[in-house]
Amino acid sequence: MTFQQLGVIDPILRALSAEGYTNPTPIQEQSIPILLQGKDLLGCAQTGTGKTAAFAIPILQHLYLKLQNRQDQRGRRKIKALIVTPTRELAIQIGESFSVYGQHTGIKNTVIFGGVKQGAQTKILERGIDVLVATPGRLLDLIGQGFISLKDVEYSVLDEADRMLDMGFIHDIKKLIALLPPKRQSLFFSATMPPDIVALSRKILGNPEKVSVTPDQTTAEKVEQAVYYVNKPGKTKLLIHLLQTMPMESVLVFSRTKHGANKIVKLLDRAGISAEAIHSNKSQTARQRALGNFKNGATKVLVATDIAARGIDIDELSHVVNYDLPNISETYVHRIGRTGRAGLSGMAISFCDDEEKAFLRDIEKLIKQKIKIVSEHPFVNYKPEVTAKDAAVPYGLRKKSKPSNAGGGGRPKRGRSSGRKTA
Ligand code: AMP
């Protein structure tokens, strides 16, 4: 199947071919014809499947053809397509995709998100644009200030709906839906489809066509995976050991917390390994800089939290390391999907301590495969050295370490996947 056979027009075909896209991905093959017919769409797909192009191409095509047919093309452009996405990184990336695929169409897009001054964003909006990519908070804010009107919107996309709900955007989304004209084509994408997401989709979509790309088809098969059993204190030691002994060119390390991410960077730095962290406590400029340094190879390791990493688009990522295993199994699939892109081979390494073994079982159930266990490494039973400070404290007064897996009582809380029983 080719993009041409899907009905994509020449100005977009040229851009796709310049990007090196020879064939549509499964989500594109399924979605593009439906969307070109003007139907609503409910898409179950995660980042990494090519879903951005799946919605951007038909929107650009509709807008381009309408622009060609319009007699008077001189007036100020009005927002015809609205894409709402949860994070700044995703918003930037979607905007870039519209610019790339639409480079020969004359369709103008812009991106707005919070955490930065609004002046530069409102200036572009005032000049007039066709496609607006936005995060919910800044979007509502600028609507409230009168910089944005949604009354001309003909295409709306809600991207990463499950993440949007996880991040607490439900009220913002409901407010936005109420502001959209009823006559429009609506697209709704989510990596998972739990009942609250299905309920939300019903509020937005009228009789949609459904397409689905299941995560295990797209990632688990092409990414080599391994798990190292290691206790908490041994994790950094093991990470440094692997980075020093294995050929790992560009490594994305996932940390559950922002504090943890900073700590990993500090310890890697001390070991002489270039690393930077990205998470929501960092300014937008610092995050962009860190991402830039990583992309151009100046830093070898990027340490990220899940939310910050959503949407990071790095094609040549050799390794993903799950320093902490996620408590939601789908998150594991999202994480490892960052490597092994565009036909390249990738490797995902996970560290698993006693408390995380239940998470590992859940993940293996979801991806329907057993992950290879590496049982021989120098930090299997790592015991941290007693520091001079510890040694000075009489033994009975030292802080007790937490029990590692005290009959489930000490187990960290599981998220949505907790509904699934483990074997
Ligand atoms: P997405 O799921 O939209 O984040 O896209 C994942 C990655 O796949 C991006 O780096 C896209 O540039 C790339 N991509 C999307 N569609 C295609 C295609 N048909 N052929 C090759 N690469 C693609």
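## Tyr-332 and its surroundings

In this predicted model, the side chains of Tyr-332 and Gln-225 are joined by a polar contact of 2.6 Å, a term that covers a pair of N or O atoms within 3.5 Å in which, within protein, one must be able to donate a hydrogen and the other to accept it, residues adjacent in sequence counting only if both atoms are side-chain atoms. Tyr-332 lies in helix H15, residues 329–336, where helices (H or I, at least four residues) and strands (E, at least two) are DSSP runs numbered from the N terminus.

Tyr-332 counts as buried because its relative accessibility is 0%, buried meaning under 20% relative accessible area with a 1.4 Å probe and protein chains only. Residues up to four places away in sequence aside, Tyr-332 touches Gln-225, Asn-322, Leu-325, Pro-326, Ser-350, Ile-363, Ile-367 and Ile-371, contact meaning heavy atoms within 4.5 Å. Ser-350 is 18 residues from Tyr-332 in sequence, and their C-alpha atoms are 9.5 Å apart.

## Nonpolar cores

A nonpolar core is a set of buried Ala, Val, Leu, Ile, Met, Phe, Trp, Tyr and Cys residues joined through side-chain atoms within 4.5 Å. The largest has 41 residues, of which Val-8, Phe-55, Ile-57 and Phe-98 touch the most other members. Helix H3 (51–69) is among the elements that give two or more residues to this core, and H3 supplies its largest share, ten residues.

Beyond neighbours within four places in sequence, Phe-55 is in contact with Leu-35, Ile-83, Ile-94, Phe-98, Val-157, Asp-159, Leu-187 and Phe-189. A second, separate core of 30 residues includes Leu-140, Leu-150, Ala-161 and Leu-165.

## Basis of the values

Residues are numbered from 1 along each chain as its sequence is written, and side-chain values use heavy atoms, with hydrogens and water left out. Because the model is predicted, local features need pLDDT of at least 70 and side-chain atom pairs count only at pLDDT 80 or more, whereas totals for chains, interfaces and linings use all residues.

Terms used. Buried < 20%, exposed > 50% of the residue type's maximum accessible area, 1.4 Å probe, protein only.
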